[in-house]
Amino acid sequence: MARATEVTEWTYAGELAGWITAILSDIGSFLTRAVCEERVISTGKRPDILVYSNTGEIQLTITVKRPSADVDIFGEDLRAEACAKARSVEAPYAATHDVNQFVLWDARTEQRVYDFTIIVVSELSRYRAKEQEIKNSMRVVLSYYMDLLRGRRTPRRFDEGVPKALVGLVDGFIIEGGIAQFLARQFRDDAQFRDGFDRWVLDEGRAKPDTDQQLEHECERLARQFLYTFINKAIFYYVLRSRYPRLSRLTLPLDGSHEIFHEVLNVFLIAAQRESGDYETVFQTDFVDTIPIPDSAVGHLSTIIRYIGSLDYADIPYDVIGGIFERLVDQTERHYMGQFFTPVPVVDLILGFCQRDAGAVGLDPGCGSGTFLVRMYYRYKYLDAEVGHEQLLERIWGIDIARFPAHLSTINLAIRDLSSHENYPIVIAEDFFDVEGTGSSVTIGLRQESLPLGFEEETKQLSADIIRREVPPMNFVVGNPPYTRHEELHEEIFGEDYKQKLEDCLGRDFPGLSVSKQAGIYAYFIPHGLRFLQNGGDRLGYVTLSSWLDANFGEGLKELLLTTTKIIAIVESRVERWFETTQMLPLILIVERVQSPQPLNEQQVKFVRLTKPLSQVIPLPTEGNETANIRHWQKVDELTEAIEQAEQQDGEVFALGNTQLTEVQDDPQVKYVRTNGWETLCVPQSSLRSSEKWGKYLRAPIGYFKALGTHPDLIVPLGEGDNPPAFVTRGITTGAQAFFCLENAGNPFDVERIPDEYMLRDPAGRVRFRLPVRFVYPGVTKIKPYRTLSIQRAEDLIFSCPLEREQLEQEFPGVLAYVEWGESQGYHETATCRDRASSHLWYDLGIRQNRELVMPGLIWDAYRVHYNQASAIATDCQAELCVSAYPKALCAILNSTFTALCVEFSGRYIENRDRTLSNQLKIMDIKSIRVIDPRRIDDSIVRELEEAFDNLCHREVLPAWDEVAQDDRRRLDDIVFKDILGLSDDEANDLRQAYVSAVQYRIQRANTSDSP
């Protein structure tokens, strides 16, 4: 019988050396091999693994240890030993490695170069189950190391490596420690813990878990939040220790119960409070801090403490804590809470518009880890270098619904001046919509009543005048509101009644204001934020999704902004993605509160398109470099001032034309200004309408507006007005495709046409139903199969019957039998069919006649409107156009590049999973598209349009960038651009290129990280 062998450090080191050699061979490195257990003659010690170059020199030594709570690979003793080994063989670098972490050291200076997380295991024997993961991680390590030796890399800054290392340590605690399962058992067995847990879940705005899976998921959330808070308190402790050297190093027991762990940790934190005389709001303890943990997990926490204690805090950038939060918080959790971290240039541009006075008071109502709050702090310092830390904290207000980010914001502000004796940042852990506005009373810090384990007496209680504050009038409100979609407001993360809560708050803020139920939470942040601005001249600056510019739910918001604010600027980037890991289209909104609508008559709204990354327009601030920081803020002010005064700069002035859905008198004049880095369209606020789409002012080419303004009588809305070119209706919504659409995959019958009827056969080949031809129509249920401009044969058959049951029973029993079969399947009970039955017959679709044109409701790379020669019925994924005169000529006009350009800026962009954008057109969008009315042009040109259209119908329509170059397409476009609109060749080509650029902007977003 084979004897079981013990896995040792040398076992692992031997296999690792072989893997490293194989990786080096695979990537073709000048490093050639790794050798294990070679004895160094001069010392007699074994460095575990030696890595050689192709010249025979040793370039790296790796000291291998087993993963254990009593082994500190960051510790001074092991570091000194490893570096001494490396120096003895003249290797420039040494590494310490415990299977989980790989720490690279400069052998000469013994300074840490970088940390890598390899895998997460609690026992050495488990490494073999993660062999491929180790190999993948070591490939990254070796690639970095080769670049370092070549001079292509430099040792990483503190804040670049720490988050990644902590991610590995946190995962180790969650995965290896079995914490979620342990907490779930505590929930079932301990009534006191269960009570605290339930309060915590509800306080987080979620529903209590109903299933074991939900319970375990909530327990993992709790464990991660415990870890996040623990880590940040530990880091803050060490930052304080650099200021107060009498504080001891944080050391925790390697074994023992969780009660002992919490007691020992609390002793250190209370010592930090006593030594500094401050920071109760940072070190306050609540339920999350004091949860029980498995005794076996205490060692993991000790490892984390050792890692945090090993860092060099002399050069720590204070903003590192916010960066750690960004990397640590679970991506799914951040998605549900709508939390995304705003880049500093974006934050500072908003502050440049809004924070204009050193004495102003500002609020970020969704402050997260505190990016806006910290940048407010530094801008105050720029505006008035003499203002003190405690004064600044009185002017900076933050609110966040989640406790942990509120805790981080508190740290991020307190850390700006550790010498302050009253260091109490005003950060409120509440829902913004529970804070009623100016004059309401709020509490800073954590609420003590949730503590379950008796730690209240060990935490210093703040005096009432510190923890209770009255909200003052705000001079500016800024932030990056959560981007949670409207559907998620009904889910567990916010609770079932959260949407109603928002609507109730909206009613108190602005009675009569209506926001559609389709709006996400960010839409409510705008009116509630305005509630905190009491005086004319106070400003609000948000990063929001751009969807409110064009979506129906945005009409109420736009009406509010038009009547209660000066809209200073709406800014969008054309060249960078501000939130790299998210699917959203953001913009910056800057508005100014007004007490009277009179000044709005003169206000010019600046629709700004950034044509360079903001970091190239505004030089980034530099930690500790006061001159660079002053220059940064000066550039911010120069940019905001230039944007606000754009109408006074040199530019191109032209008539806007009637682009609205309602008549606009006197064709308002607009000004287009272009500079190095940005361009803006200055539009009179008095000419904007809440019912129109504003997105075009950011995205449409200037030639588009010029063309519309040149021919206001010729270019009209497609389906609006007393006598429009077409009657536009939505395709039919069947409510039961498997019943009405006979060729649908869900319909179980095969259809056979005989002269006067359709026979429906079951899978056995038996004829089940006979439907007369008069009740079956050609149908277009999917638009993708139609690649040409002409629909000559429909891909589906649609059933519809307008006759009552009595007549069917007498004249068409086969039709009645099919209807009754549909009812046996429950199709008549769908919501659409029930609504239809309330006024007539559920099986009567109300077929319309004269459906000359069919227009898709979703456009990707190729745009086309179909000439419906098959007289097919369109279903609700497209629109039907009934045309009274010149249907083919109108179809030609609708398929011209000019109309395609109009369509591109009439719909709304929706983001696909691959980051590309589709252009979605609702019926109201299609009705409002500006088109050339064929009834207003010469008959000879009408005939030319029809001829050019016939030539186009013989081939598939290509993607936009290929289509515009086709000879037959250019012939049609020349008729529209030149013969009808009177444009020159250059002007026509500019519009063609503008159209192609607009489509490519949508399609190519997935292919570059620099695209917005």
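In this predicted model, Tyr886 is partly exposed, because its relative accessibility is 31%, a value between the 20% and 50% limits. Tyr886 sits in the loop that links β31 (878-883) to α29 (887-894). Its phi angle is near 55°. That value is positive, and the residue is not glycine.

A positive phi also occurs at Val99, where the angle is near 75°. This residue, too, is other than glycine. Val99 lies in the loop between β4 (93-97) and β5 (101-106). Val99 counts as buried because its relative accessibility is 0%, and the cut-off for burial is under 20%.

Asn868 provides another loop position. It falls between β29 (866-867) and β30 (873-874). Asn868 has a relative accessible area of 6%, and is therefore buried. Residues up to four places away in sequence were set aside in listing its contacts. Asn868 then touches Ile791, Arg851, Glu852, Leu853 and Val854.

In soluble globular proteins, nonpolar side chains tend to be buried together. The largest nonpolar core of the model holds 171 residues. Those touching the most other members are Trp548, Ile570, Trp694, Phe898, Ile932 and Leu945. Helix α35 (residues 985-1003) supplies the largest share of this core, with 8 residues. A second core is separate and has 76 residues. Val89, Phe182, Tyr244 and Val282 are among them.

Empty space was examined next. Rolling a probe the size of a water molecule over the atoms shows where such space is left. The structure contains 9 cavities of 30 Å³ or more. The second largest cavity has a volume of about 150 Å³. Its lining is made up of 14 residues. Lys233, His262, Leu265, Leu269 and Asp289 lie nearest the centre of this cavity. Two helices, α7 (212-243) and α8 (258-276), each contribute at least two lining residues. The most come from α7, which gives 5 residues. By residue class, the lining of the second largest cavity comprises 7 nonpolar, 5 polar and 2 charged residues.

Methods. Residues numbered from 1 in each chain as written. Predicted model: local features only at pLDDT ≥ 70, side-chain atom pairs only at ≥ 80, totals over all residues. Heavy atoms only, no water. Helix = DSSP H or I, 4+ residues; strand = E, 2+ residues; numbered from the N terminus. Buried < 20%, exposed > 50% of the residue type's maximum accessible area, 1.4 Å probe, protein only. Contact = heavy atoms within 4.5 Å. 1 Å grid on protein atoms, 1.4 Å probe; cavity = no way out; pocket = protein on both sides within 12 Å on 5 of 7 lines; lining within 4 Å. Points joined across faces, edges and corners; volume = space filled by probe spheres on them. Nonpolar A, V, L, I, M, F, W, Y, C, P; charged D, E, K, R; others polar. Core = buried A, V, L, I, M, F, W, Y, C linked by side-chain atoms within 4.5 Å.
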